[in-house]
Amino acid sequence: MKRVSVRVGNIIIGNTRPVVIQTMCNTPTGNIDASFNQCLELARKGSQIIRLTTQGIKEVNALREIKLRLHNAGITTPLVADVHFSSDVAIAAAEVADKVRINPGNFSKDPAIALEEYKKLISICKKRDVAIRIGINHGSLGEKIIEKYGDSPLGMKEAALEWIKMSQENDFDQIIISLKASNTRIMTDAYRLLYESFKKNGVSYPLHLGVTEAGNGESGRIKSVVGLATLLGEGIGDTIRVSLTEDPANELPVAAFIAQYFTEPKVVFHGQNISTNQDGSRIIHAKYSIKTWEEFLLRASCDLGPMLLDNLIDDISLSVSIGGKEAAENDLLRFRDELLQAARRKFTKPEYIACPGCGRTLFNLEEVFEEVKKRTSHLTGYNIAVMGCIVNGPGEMADADYGYVGAGRDKVTIYRGKTAVFMNVPQTDAIDKLLEIIEEDRRNKLFRPRN
Ligand code: SF4
């Protein structure tokens, strides 16, 4: 199979090169000082590529200034413009950025117009040696694809293949593909299907891996690791972003750990031992002696998460020593529950879909997400989304049952599935409104939580 490598500024991605780690600013790009400072921090903390929200021409101009200031400060980390709908903005951004992230299918509802706009973008990218990431997300597929394949891993793969074909027909191979989802099974299935197509067609393009809207804290980390480690363990994936609803700098040590884990000569599994229960379920007994809880959490998720996701085992039993002391039983039980849920094997709490926030977020997402979690923690079997903006939030919350979506400064829209129920409610009332529709649906037996 021919493996295409793609240049993004001074970084080359793909064709068996080491996995590149990246993150995204959560500052408004128009706030040049804040974005410059955050880029500086992220570059110094190891981000090899940095993405910034670029929703309009104002942000394109800000990006130009940020890039210049970074160069003057001796920072040459490639910058990516994150564009969602406007081909004009994507084309303008290609004059500035090292890579443009777009879903060309969103340029227009008319496929012929979308294709014409994509061709214009390609011609600028060719001239300036700029890469394109074709970013297909579960939950935001085009109508035609959904009609034919459903909002499914197959649909995601087909959407990507369509734009890969357009790129090939226009003699442009500097493309990177992402097929992100918040559901680890959907995400891994989609990438695997696409990789199979690459093998069949004899040419592969670099893949950018990510579990979107993974949330925060231990659960966000574990969920990200399960998705990324499953694919990287099979040699699928060239660049990764761990998206957490936290300071983006917190994503980098997690991404670095995962990338490093797969450079080790072979994954050494500590004390591997699988037993079978009377009911036929298989339990792995794993033993760790490790320096810190954080390292245990990431390593054990890399080791065991893929086996759970792929149904090779059904449960885990752990014996863990942290810095020479036995780990607390409660901590191990919490980890087990988180890992089983991240691998979608057993749900013991609500499933949260929370975007990492970016320059489009107009409220303190971290605080709001914590508050939503606190007040909905009893809703096991529910999928609840907390999204930073109304532009992409509703599309990207995919299969959430209910959504809390930022609609403007101090304004929130509450969703039931894909339907906006309360629009532009003041932020102070928004969680009450969310609970109000959940309770109403419960009373009217309109919603049955998953087991
Ligand atoms: S959904 Fe969140 S991460 Fe995505 S564009 Fe909106 S605010 Fe940014």
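User: In what order do the eight strands of the open sheet lie?

Analyst: This is a predicted model, in which local features need pLDDT of at least 70, side-chain atom pairs count only at pLDDT 80 or more, and totals for chains, interfaces and linings use all residues. Residues are numbered from 1 along each chain as its sequence is written, and side-chain values use heavy atoms, with hydrogens and water left out. Strands (E, at least two residues) and helices (H or I, at least four) are DSSP runs numbered from the N terminus, and two strands pair if DSSP finds at least two bridges between them. The pairing in this open sheet is parallel, and the order of its eight strands is E9-E8-E7-E6-E5-E4-E12-E11.

User: Which residue of E12 is the bridge partner of Leu 209?

Analyst: E11 and strand E12, which covers residues 239-240, run parallel and are joined by two bridges. In E12, the partner of Leu 209 is Ile 240.

User: What angle does helix H9 make with E4?

Analyst: Helix H9, residues 251-261, packs on the sheet and touches both strand E4 (20-24) and E12. Axes are lines fitted to C-alpha atoms, for helices over the stretch in contact, and the angles between N-to-C directions run from 0 to 180 degrees. Between the directions of H9 and E4 the angle is about 160°.

User: How many of the 11 residues of H9 are buried, and what do the buried ones pack against?

Analyst: Buried means under 20% relative accessible area, exposed means over 50%, and partly exposed lies in between (1.4 Å probe, protein chains only). By that rule H9 is mostly covered, with eight of its 11 residues buried, and among them are Leu 252, Phe 257 and Tyr 261. The elements that the buried residues pack against are E4, helix H1 (32-44), H8, E12 and H10.

User: How far apart are the end C-alpha atoms of helix H7, and what span should its 18 residues have?

Analyst: The expected span of a helix is 1.5 Å times one less than its number of residues. For the 18 residues of H7 (residues 184-201) this gives 26 Å, which agrees with the distance between its end C-alpha atoms, 26 Å.

User: Which residue caps the N-terminal end of H7?

Analyst: A polar contact is a pair of N or O atoms within 3.5 Å; within protein, one must be able to donate a hydrogen and the other to accept it, and residues adjacent in sequence count only if both atoms are side-chain atoms. At this end of H7, a side-chain oxygen lies 2.9 Å from the backbone nitrogen of Arg 185, and the capping residue that carries this oxygen is Asn 183.

User: Is Thr 230 buried or exposed, and which residues is it in contact with?

Analyst: Thr 230 lies in helix H8, residues 217-232, and it counts as buried because its relative accessible area is 3%. A polar atom of its side chain lies 2.6 Å from the backbone oxygen of Val 226. Contact means heavy atoms within 4.5 Å, and, leaving aside neighbours within four places in sequence, the contacts of Thr 230 are Thr 188, Arg 192, Val 225, Pro 306, Leu 309 and Asp 310.

User: How far apart in space are Arg 17 and Asp 238?

Analyst: Arg 17 is found in the loop between strand E3 (11-13) and E4, and it counts as partly exposed because its relative accessibility is 35%. Its side chain reaches the backbone oxygen of Gly 14 at 3.2 Å. Although Arg 17 and Asp 238 are 221 residues apart in sequence, their C-alpha atoms are separated in space by 7.4 Å.
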